[in-house]
Amino acid sequence: MQNIVSIEWLILATLCAATAAAAVWWLSPGARSKSLEQELLSSDGRTDAVFLFDDTNLIGWSSGARKFIGEHAEAFSWNMLRDQLARNYPGLPQSPGFLKDVGPLVLSGTESAESREAHCEWIDGITRVQLRRSTLEEQNRSQDQELTTLRAAVHQAPYPVWLQSDEGAITWSNLAYDNLTHKIRGRDVDVSVPLFTDLEEPKSSGKPERISIPLPDSNKQLWYNISTTQTEAGWLCHAVDVNAVVDAEIAQRNFVQTLAKTFAQLSIGLAIFDRNRQLVLFNPVLIDLTALPPDFLSSRPNLMSFFDRLRDQRMMPEPKNYSSWRHQFEDLLEAAAEGRYKETWSLPSGSVYSVSGRPHPDGAIAFLFEDITAEVTLTRQFRSELEMGQSIMDQMDEAIAVFANDGSMTFSNAAYHQMWKMDPDASFAKVSIMDASRVWQDTCAPTPAWGEIRDFVAASDARDPWWANVKLRDGTPLMCKVTGIQNGATMVSFCNPQTSLPCAEQERFAISDHS
């Protein structure tokens, strides 16, 4: 009996020691890893290849994986595997860490993968990728799931889809098509009657065509882009709602028409070129100013052709070297795009145009042509009259200066410049009545006349003309006349009664008037 008990204790001790040894071996990282690798590399008869990765580094592979790895297993990585499999197994993760977050993935192969699947999973820190052949049952189930998904996707699509026979009958339609039919025709209708009756154009052209259907109890049309594809079951048709596009086009067209009407009332010629430098908009005045044919402008010429035609029509100044001017055209475009282009064209016909370039949104450029011939002619005539008047006044012996109501000198003649040794035109600063009276005072004997003249220039009333006798410091007598003229201006004139007969007569008149 005692021997039996001893044997039992011996057996129990042996089992405990074996269990402990096994536990120690299992807890050993190297042994556990090696066992896990062997277990993960195990496969069934349908498995082509198995790959094991620690992060992105390959740590194990089956014999079937050798054809993918080649002779450089130590350098093989997850990215290299993905480069080989991504085309046949769409959806293969960019990084193994993705599987840790989302769980196992089963990726169906494409046709070139010959009904194979890629099973990807993250197991206790190791990423396992298994390529294997699908069973017929799995293939059928996958195809059924795919077909169900496709049917649901098409049926729930937000745009109308339907199947139409060659005879024109609707044999199938999705929910969006049915809802549109009920909206247009009501509930109790024959759904086999086509809603879109003008499908011949998209069928024959093979490209989407815009087709409208009338909205009941309204003058409004519903617009759709219809595309068709011929199948064995008939014509598969898709309709995309483009009502927002049509409304936008109508609004844009109305806006352009409004702009065109506005531009038509302008007296300035307008030519707008888009970012491709083609003419997209012009007004009738441009035709009148440039003499360019309407059909040429309507053909949307580019900017260079536009200016070439202006040159041919002699509607722009002839450059000294036109070929070099064409090379400088980019500078012109840059200046116009920045709003810096502004020139005055004197044409051979005698007309004068002001031409300016302005930037427009989206890279467009607008050129403005304005006929300023009348303005330039009037300015030239006015300048000529001023020069004539100045010339006449310069021929007079009497020294004359005119002061505006703010006290600034606006005119003086040559006799004034010679008498007082000053030329107001030689200075950028304006000469005031204070400046002029200071020169008179320094050059003449003391007299209260200068203060009275200053007060007269500043006064707004009681501006009757008056005279004063003054003397230069060398004793030369001068007759000074102060006269109020239009717009509050004052004319001050000086003459020598000893050398000027009119001035002597004026002096006698002034003396008799005072007496």
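**Note on a predicted model: aromatic pairs, helix faces and cysteines**

1. At 0% relative accessibility, Phe53 counts as buried, where buried stands for under 20% relative accessible area, exposed for over 50% and partly exposed for what lies in between, with a 1.4 Å probe and protein chains only. This is a predicted model, in which local features need pLDDT of at least 70 and side-chain atom pairs count only at pLDDT 80 or more, while totals for chains, interfaces and linings use all residues. Residues are numbered from 1 along each chain as its sequence is written, and side-chain values use heavy atoms, with hydrogens and water left out.

2. The protein has 515 residues, of which 37% count as buried, and it contains 19 helices and 20 strands; these are DSSP runs numbered from the N terminus, helices being H or I with at least four residues and strands E with at least two. Among contacts (heavy atoms within 4.5 Å) between residues at least 6 apart in sequence, 37% join residues at least 24 apart.

3. A search of the whole structure finds 19 aromatic pairs; rings of Phe, Tyr and Trp (its six-membered ring) pair if their centres lie within 6.5 Å, and planes under 30 degrees apart count as stacked, over 60 as edge-to-face and the rest as tilted. One of them joins Phe53 and Trp78, whose ring centres are 5.3 Å apart and whose planes stand at 80°, so the pair is edge-to-face. Because Phe53 belongs to strand 1 and Trp78 to helix 4, this pair ties together parts that are 25 residues apart in sequence. Trp78 is buried, with a relative accessible area of 1%.

4. Trp162 and Phe196 form a stacked aromatic pair, with 5.3 Å from centre to centre and 10° between the planes. Trp162 lies in strand 6 (residues 161-164) and Phe196 in the loop between helix 7 (175-185) and helix 8 (200-205), so the pair ties together parts that are 34 residues apart in sequence. Both Trp162 and Phe196 are buried. Elsewhere, Phe273, Phe306, Phe307, Tyr341, Trp345, Phe367 and Phe369 form one aromatic cluster.

5. In helix 4 (residues 78-85), the buried residues are Trp78, Leu81 and Leu85. Seen down the helix axis, they fall within an arc of 65°, so they line one face of helix 4; the arc is that of the directions from the helix axis to the C-beta atoms. These buried residues pack against strand 1 (47-54), helix 3 (66-69) and strand 5 (126-133).

6. Strand 1 also pairs with strand 2 (residues 57-61), in the antiparallel sense and over four bridges, pairing being assigned if DSSP finds at least two bridges between two strands. Phe51 stands opposite Trp61 in strand 2, and in the hairpin of the two strands, which has two residues between them, Asp55 takes a positive phi near 60°.

7. The buried residues of helix 17 (residues 433-443) are Ile433, Ala436, Ser437 and Trp440. Viewed down the axis of helix 17, they fall within an arc of 95°, so they line one face of the helix. They pack against strand 16 (399-403), strand 17 (409-412), helix 16 (414-420), helix 18 (449-458) and strand 20 (490-495).

8. A search of the whole structure finds zero disulfides, a disulfide being a pair of cysteine sulfur atoms within 2.5 Å. The sulfur of Cys444 is 9.0 Å from the closest cysteine sulfur, in Cys480, which is too far for a bond. Cys444 is buried, with a relative accessible area of 0%, and Cys120 is buried at 1%.
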